[in-house]
Amino acid sequence: MNIRNNDRHNLWQEWADKYARRVRKITENPNPKMARSNALLYQILYDQATKEAEYSTEGSPIPVVYHTENAPDRFFRSMGFRANNLELNADHLSREQVGRYLNIGREFGYPDNICDRVKLAHAIGISGDVPAPIMVVPVVGDCDLMSQAMCSVARYWNVPAFGIDMPYQEELDMGPDEYLDAMKYIKQQLLEFIEFCEKKWPDFIKFDAEKLEEYQRINREYTRAAADVIELAKTKPCPYSGRDALRMAPTQVPDDRRVIDYMKQYVSEFREKAKRGESPLKDNIEKFRVYWMCSAPFYYDPFTFLEERGCASPLYEEESGIPHRYNVMNSESGERRFGRRMLDPLEEEAALFATHHWGASGNRRILEVLDNCRKVGIEGIIHFELEGCLSLNNIARITGERAEKELGIKNFYYLSAHCQDIDKWDEADFEEKLGDWLEMCLREKGF
Amino acid sequence: MNSEDYEKKLQELVSVHLPQNRNTWALSWKEKGKKVVGILDTLAPEEILYAAGILPYRIIGTQNASTPLAEIWRPPDMCRYCNHVLEALLTGELDFLDGILFTDWDDDGRRLYDVPMHLGKPKFNYLLHVPHGDSEICVKIYERDFKRVVDWLHDSFNVALDDERLWEVIRLYNKMRRLLMKLYEWRKREVPPISGTEAAGIVMAAYFMPKEEFVSRLESLMAYLEQRKAPLKKLIPRLLVVSDHLDNLEYTKLIETHGTIAMDDLDNGSRYFWDLVEPDTNPLYALSRRYITRPSEPCKWFWHKQVDRVIDWIKEYHIHGVLQLPHIGDQDRLCCTPYFLNRLRGAGIPAMSFTREYHFANVGQLTTRIEAFLETLRLK
Amino acid sequence: MSVAGIDSGLHATKVVLMNNGEILSKAVLTSGLEDAYTIAERALKIAMGQCALPGDSYKYILATGQGKSHITFADESAPDSICLARAVYKVLPSVHTILDIGAAHTLVVKCSKGIATGAVNSDKCAAGSGTYLEIVSAILGVSFENMGGISLKSTEKIEVNSQCAVFAESEIISLVHSKKRIEDILGGVYRGLALRLYPQLLQVGLEKDIALVGGMAQDIGLRSAIEELLGHKIMFPEDPITIGALGAAIVAEEKVKPGK
Amino acid sequence: MITAGIDIGSLSANVVILRDDKITVLHNIRTGPDTCETSWQVMKEALAMIDRNFSVGSIDYIVATGYGRVVVPFSNKTVTEISCHAKGNHFFFPKVRTILDMGGQDCKAISCDEKGKVTNFIMNDKCAAGTGRYLERVASTLGISLADLGPLSLQTVKGPADISHYCAVFAQQDILLLRREGVHLSDILAGACEGIVKRIYPLLQQLGIRADFAISGGVAKNIGIVSRLEKKLGMKANIAFDSQIVGALGAALFARDFLLSGN
């Protein structure tokens, strides 16, 4: 069974075309509901996709390493690798593209009852539709299955799987020292990684600390710009749609300074709206605000549904200025934390990695979620659990119970569904249940 | 003793893991005012607990058909073992435990820790992270985390640990491992002296007994076992069974009505005792090296080395086919299954994988599947 | 001032007419192949026919139930959870957990003083629904109404594990074949059913008192199986089928109350 | 040499009697609640077709298969339906390598070698979605015969209706609702068939489909499923003249082999 010999698709070309269409649409006849800054976002994505698309057809002169979201992308690139984030690839699949990869997964015999992201990331990894890897990097800490998937991809291509491990302990009492400890351990692994690669591919792989530092500077400026979003999130009515709260910065272009401009544009355009009291909410009246968590249906927009009913969703846990990699960077000044004991760029990468909020026990993540709820005055939590996501088992209900106990948030809507496997998605049913829940919350509030 | 007595003693040992028997040792241990700490898999460094005067108790999930209390916290179709363990925790089946040392063989294992932490039941819990790599760095960090486990034991149960005692315990565990390996050696015979069910039963007896007692009991049986004419006749085909938490032996019995389980890759089988702790100046380091560098579990990044082992075993034990029975939601094994099956079939070894419940249920279809697989091996 | 509440269920459509908290009349129509709109309209007419008031004296019509969105002549629709909470508060004020088992759904509502504060809805698998029991009655050739009573005569504990109603079918057939008593088989069926409802009940917290409503509430077999499982009595309104419609009527009244 | 195969399925019981390599009797009845009685009944009736004073004793070797195989009191040996369907299909279509057997409550995808020996197989799980029982419920809900279901499903008006529920029981509810919304009968049936194909296809995918392809079991009679599956797979499906007896035939062939090999 060898999928590589099947009909090849040029995924990046398909994406380039998609982004081109979007840029055109936004510039020619913009939808007032959509953020104007999207134009720049899609331009960045378009430029990246076209570059990758060329590699896909001509074959990549630079060796490619496959990895997933929590892996230190900047670090790989600073060594001269082309890093391909399969998890992000999976996220970018369109409704039309997704079926092919679900099938590739099934034909390979990969379990069907695990979450769509793992399934699809794995499938893209073995499809040959993106340039083939010379190495795969499984990482643990946020999602163990994802690391299993990466091992499977490495075994498929018969290339080395060089794992990076994230340590942790129950850190209720975990201070900077333990983090430093973890950070040192990861730094060691990064050094080992450098040694391994420089020995294996002496001609083209060389770690470049300055490059990494440059990428980190860009990332820091971006983070600083994004930090303002959390301020915007406090304004009522919420100036932007939940759709935009979900908007993730293109993390695969660490060398592209335009991501900073994008974030600044994004913030300023919504700051304007906030001043004018504008919002995507019906009649600009905010009746209720929810914290949208975990995942969301990719090919359906639940936020418009909520906003038509006066419900704002200012936060998505992962993005738009949520300082979810706390303890590493001061979101205001963008300076490294850990009492300044974190000095070189490798340590910064290691620390970002060590403090990932999906890592360790559920407590780490829940504390952060509650903190964000406090910050922006959340009244209800919608916990959209990705079906088959092991990292979410047990903590959904714990989050709910603690939100009620510690913040008095009574309304917790727990649902579990697929985000990309459309065959398993029942829109009518979803809307009916979500609508019922929201109506329950509103009536309780006296609307 | 005559062979009837030996046979009786053997069957006693095999049935130690049954619900009505398995807590006997833990309870009398507690009567002596000593502590019992639960563990969940082959990755937890039992030796440390035992050397600290604590009885390690390997948790078997409840065999209740339904797990309503667990399903408050987690979806029913993820790791079934976790469901049944959590259910056991919440129904009070495990109330005698003073604590649990959790190990994150995967995210389900990791998140299993959150509920007890949230509810404070049992009182003392520790989440020990298991590096999935086998590099020296991983060995070192695991050793460091062992030190933290020792501190945790000290803070929670006011127990101390000295190298001398730890070495003693390590030697004891190694002795146990050698005995079990010897026993497994005999399974290469055309008619093995013990069935796969008995083998798994014996291994599981080690979960619950103080190791001195287990070792002496097993030792006293070895001579008898070596010349034992097993009750089961020569049954073709010879199988190697692969699974996790296959601790309800009704499953192995079901298989052995149709064939012989001559070898296994089970956590309650070879994976429990394979690989010794090699001598070193530092006992914690020596332990860490043993637990880290063995490929045993699918979560490990170098697990393909375990597949190499399985392929060697297939030759040594004259195996006709490999039968894998992951429980529903045994995700990291299922993720490795395509590779596993392709490797074996590539090497000309018939292999199949069927999912099952954790407790013994819904075996109608499973039986048909197993029979059909064995037919393909037999009807040549 | 009069209002109407309509509960458009899968198997039956119920209507309750109210005037200042007083129930004027009720109507229950089992749905055939007519669409939800037509049958609701008919049910409403029948109910209105039972009381003297002219048709235009109904100030507000509120629809609930799985077919609510189709009843376009209603002024408004409201979720089942809210209506159930209101109605049960009116008839059984001490209730804090409502278990509503219908033909194809199970809804557990957590409520206090008529306000629904939480709800868990299940319809992934028929294992927990009334339809499951209909299938069983068909296999055993026992009338749907009598099954519950028969199950109470059970003497031997039998486990019926099959999650899937269709597989339960063959499991039950083989039980019959192995000469098990119908009473005991039904006992097992109800116990199994209660067990499958249990996690859902636990999820909302199981605060006493607990009331059983909906089409299945009259099934004595199910009721006693649940009570056996919980270890205490559960309540049920005398007319559990129209409880959703009653709730809808109450919510409708709130709408037309002066000052609201 | 007279050998027989008996296949006790969840819906139907089948008997095939071979004289040497020739099929002399085919017979099938609906499975009753008492599987044991059913097996006697179907066998007796089959024997009567040869001649009235013919008895079970006059058959040299009997193999039982199907989920009720263990309760057949007069069988010499039992073989799983998986092996039997492979062998039976291979008898009709020697070039077959992939087989889909859709029975009353399970669905198997089987791949076999040139000798008709099973090399791999996959079965659906603890849910009746995508089985014969599912179709039965659909037919009964709409008050049409199972035989008409297939042909009607091909005369779609507005294209297949969306039946979102996997569950055989809930699908029935969906269908009821669709009916009330006035959706055309054929469109509903088309939706049901599409739904089944959707469930079956992944099984075949996982197995890996190699030509030739054959379908057996009751559902093979359903043109609505077969044609859709053929379209999705892009290959023709071989179907025995009586798809329901394939399992029993396989059993009878095994009986012949066992007899010859003195096994």
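How many helices and strands does the secondary structure of chain C come to? Eight helices and nine strands. Here helices are DSSP runs of H or I with at least four residues, strands are runs of E with at least two, and both are numbered from the N terminus.

Some ground rules. This is a predicted model, where local features need pLDDT of at least 70 and side-chain atom pairs count only at pLDDT 80 or more, while totals for chains, interfaces and linings use all residues. Residues are numbered from 1 along each chain as its sequence is written, and chains are lettered from A and ligands numbered from 1 in the order in which they are written.

Stay with chain C. Its C-alpha trace spans about 65 × 40 × 30 Å along the principal axes.

What share of chain C counts as buried? Of its 260 residues, 56%. Buried means that 20 or more other C-beta atoms, placed from the backbone, lie within 10 Å of the residue's own.

Now contacts. Two residues are in contact if their C-beta atoms, placed from the backbone, lie within 7 Å. Take contacts in chain C between residues at least 6 apart in sequence: 69% join residues at least 24 apart.

Next, domains. Their bounds come from an automatic or database domain assignment. In chain C, domain 1 is 1-92 + 241-260, and domain 2 is 94-236. Their centres, over C-alpha atoms, are 27 Å apart. Across the boundary, 14 residues of domain 1 of chain C touch 19 residues of domain 2 of chain C. Helix α2 of chain C (residues 80-91) gives the most to the domain 1 side, with eight residues. That side holds nine nonpolar, three polar and two charged residues. Nonpolar means Ala, Val, Leu, Ile, Met, Phe, Trp, Tyr, Cys and Pro; charged means Asp, Glu, Lys and Arg; the others, Gly among them, are polar.

On to chain D. Domain 1 is 1-93 + 244-263, and domain 2 is 95-239. Here 26 Å separate the two centres, taken over C-alpha atoms. The contact takes 15 residues from domain 1 of chain D and 21 residues from domain 2 of chain D. Helix α2 of chain D (residues 81-92) gives the largest share of the domain 1 side, eight residues. By class, that side has five nonpolar, nine polar and one charged.

Key:
A residue is buried if 20 or more other C-beta atoms lie within 10 Å of its own, exposed if 12 or fewer, and partly exposed in between; C-beta atoms are placed from the backbone.
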